[in-house]
Amino acid sequence: MSAPATVPTAPAPIAAPIPSEDQIARKFDNCVADLLVNAGLGFGVGVVASVLLFRRRGWPVALSTGFGAGVAYSNCNYSLNPYVLPGTKILPSNRS
C-alpha cells in the first residue's frame with residue numbers, strides 16, 4: 001500500500017485593512033436602512049392606532065413615524081460616535 005498523496009495548499013491570504021471611507025459608507029448605509037425600517041414601522045403602527053383608536057386622526061401617524069425616526073437617529077448616533085455610549089472606553093492603539 002502506498003501513502004496517500006498530499007496536495008499542497010496555498011497559504012491563506014492576509015485580509016487587507018478596510019479603508020476608513022468604506023467603513024463610514026457602510027455605517028451610513030446601515031443608518032439609512034435603519035431609518036427606513038423604523039420610520040416605516042412607526043408609520044404602520046400610527047395608521048393602525050389612528051384607525052382603531054383615534055377615529056382617523058392624523059397625529060398618531062406623525063407621532064409614531066417621528067418616534068421611529070428618532071430611534072433610528074439614536075442608533076445611528078451610537079454607530080458613528082461610540083463615545084456617547086455610557087461606559088464605553090476607547091483605548092489608543094499601540095502602534096509605534
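Colleague: Is Arg55 buried or exposed?

Modeller: Arg55 is exposed, because its relative accessible area is 69%. The classes are buried for under 20% relative accessible area, exposed for over 50%, and partly exposed in between, with a 1.4 Å probe and protein chains only. Please keep in mind that this is a predicted model, in which local features need pLDDT of at least 70, side-chain atom pairs count only at pLDDT 80 or more, and totals for chains, interfaces and linings use all residues. Residues are numbered from 1 along each chain as its sequence is written, and side-chain values use heavy atoms, with hydrogens and water left out.

Colleague: Where does Arg55 lie, and what is its phi?

Modeller: Arg55 belongs to the loop between α1 and α2. Its phi is positive, about 50°, although Arg55 is not a glycine. Helices here are DSSP runs of H or I with at least four residues, strands are runs of E with at least two, and both are numbered from the N terminus.

Colleague: And what about Arg56?

Modeller: Arg56 also has a positive phi, near 60°, and is a residue other than glycine. Arg56 lies in the loop between α1 and α2. With a relative accessible area of 66%, Arg56 is exposed.

Colleague: How many helices and strands does the protein have?

Modeller: The protein has two helices and zero strands.

Colleague: What span should α1 have, and what does the model give?

Modeller: The 33 residues of α1 should span 48 Å at 1.5 Å a residue, and the end C-alpha atoms are 48 Å apart, so the two values agree. The expected span is 1.5 Å times one less than the number of residues in the helix.

Colleague: Which residues of α1 are buried?

Modeller: They are Cys31, Asn38, Ala39, Gly42, Gly46, Ala49 and Ser50. These buried residues of α1 pack against α2. As a general point, an α-helix has 3.6 residues a turn, so residues three or four places apart point the same way.

Colleague: Let us take Asn38. Which residues is Asn38 in contact with?

Modeller: Neighbours within four places in sequence aside, Asn38 is in contact with Gly68, Val71, Ala72 and Asn75. Contact means heavy atoms within 4.5 Å. Asn38 lies in helix α1 and counts as buried because its relative accessible area is 16%.

Colleague: Is Leu36 buried or exposed?

Modeller: Leu36 counts as exposed, at 60% relative accessibility. Leu36 is placed in helix α1. Its C-alpha atom is separated by 18 Å from that of Ile24, twelve residues apart along the chain.

Colleague: Changing topic, how many disulfides are there?

Modeller: A search of the whole structure finds one disulfide, defined as a pair of cysteine sulfur atoms within 2.5 Å. Cys31 and Cys76 form it, with their sulfur atoms 2.1 Å apart. The pair links distant parts of the chain, with Cys31 in helix α1 (residues 20-52) and Cys76 in helix α2 (residues 59-80), 45 residues apart. The link of Cys31 and Cys76 is right-handed, with 95° about the S-S bond.

Colleague: Why do Cys31 and Cys76 count as buried?

Modeller: Cys31 counts as buried because its relative accessibility is 9%. Cys76 counts as buried because its relative accessibility is 16%.

Colleague: What does the UniProt annotation cover?

Modeller: The unreviewed UniProt entry annotates residues 35-54 as "transmembrane region". UniProt positions are in the numbering used here, feature names are shortened, and annotations may be inferred rather than shown by experiment. In the model, residues 35-54 are 90% helix and 0% strand, and the end C-alpha atoms of the span lie 26 Å apart.

Colleague: Where is Asn81 placed?

Modeller: Asn81 is in the segment after α2. Asn81 is partly exposed, with a relative accessible area of 28%. Asn81 and Ala33 are 48 residues apart in sequence and 18 Å apart in space, C-alpha to C-alpha.

Colleague: Finally, what radius of gyration does the protein have?

Modeller: The protein has 24 Å, whereas a compact globule of 96 residues would have a radius of gyration near 12 Å. The radius is taken over C-alpha atoms, and the globule rule is 2.2 Å times the number of residues to the power 0.38. The C-alpha trace spans about 85 × 50 × 25 Å along its principal axes. Of the 96 residues, 14% count as buried.
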